[in-house]
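Please walk through this model with attention to how its parts are placed relative to one another.

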Amino acid sequence: MKPSILLIEDDANIRRFLRLTLVTQGYELIEAETGQEGLAQAFARVPDLILLDLGLPDMDGIDIIKQIREWSQVPVIVLSARGQEREKIINLDAGADDYLTKPFGMGELLARIRVVLRRAVPTEEGASETTVRFGKITIDFERRQIWRDQEEIRLSPIEYKLLSTLIKYRDKVVTHRQLLKEVWGPGATEQNIYLRVFILNLRRKLEDDPARPVFLITEPGVGYRLKIEGQPPEFSPGSYLA
């Protein structure tokens, strides 16, 4: 899995420059030219990191940070020509993880991206282990790769985060609300349609027979459970996460 970066920047030349560098470095890049488009992409795509310009045509970057922090803890690095100390403090207090003043060196930006992504890994994976296996599936968290026997499986960023969350709570039933909150953020806790679609996608990629899942189990009216082979849990009213 390539780490995904959402770039919210209205300057086409800067987007082109960053696109060339970031894609070459192995990142998946999602682009948005306006604040509203950026917020929509952040919600729909759930990136691993956001690079945010403050001077957007439709809204100020600090308002974007505040809105994102209402439902997500995705790392945000601000890229701005505003270099005053007060501006940096305001944005960091609003929830930004780092602040880089334009013009900046690409080497410094890449280093800061690596640092922020390393800090984000423990909360995303929720475990110290780097490899998990069940059935024919092997998941290497360190390399962000998933294998089915000898075939590498490609997951979207949301599918990967959903599977990682289920692995974190393996053999426990996780409610719809908890999964939506952890994958999409608190603002999505009633959008069960998202879960149904992405669980179906995961079953098609991971299960031998998606219509008769062995690992990705539905607990009707409650949520989903990742049942690890050889460790069948017993479901009781107190065994799920609310």
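Axes are lines fitted to C-alpha atoms, for helices over the stretch in contact, and angles run from 0 to 180 degrees between N-to-C directions; helices (H or I, at least four residues) and strands (E, at least two) are DSSP runs, numbered from the N terminus. This is a predicted model, in which local features need pLDDT of at least 70 and side-chain atom pairs count only at pLDDT 80 or more, while totals for chains, interfaces and linings use all residues. Residues are numbered from 1 along each chain as its sequence is written, and side-chain values use heavy atoms, with hydrogens and water left out.

Helix 6 (residues 157-168) packs against helix 7 (residues 176-183) at an angle of about 125 degrees, their axes being 10 Å apart. On the helix 6 side, the contact (heavy atoms within 4.5 Å) is made by Ile158, Lys161, Leu162, Thr165, Leu166 and Lys168, and on the helix 7 side by Leu179, Glu182 and Val183. These contact residues divide into five nonpolar, one polar and three charged, where Ala, Val, Leu, Ile, Met, Phe, Trp, Tyr, Cys and Pro count as nonpolar, Asp, Glu, Lys and Arg as charged, and the others, Gly among them, as polar.

Isoleucine 5 lies in strand 1 (residues 4-8) and is buried, with a relative accessible area of 1%; buried means under 20%, exposed over 50% and partly exposed in between (1.4 Å probe, protein chains only). Not counting residues up to four places away in sequence, isoleucine 5 touches Leu22, Tyr27, Glu28, Leu29, Ile30, Leu49, Leu51 and Ile113.

Serine 72, in the loop between helix 3 (61-69) and strand 4 (76-80), is also buried, at 14% relative accessible area.
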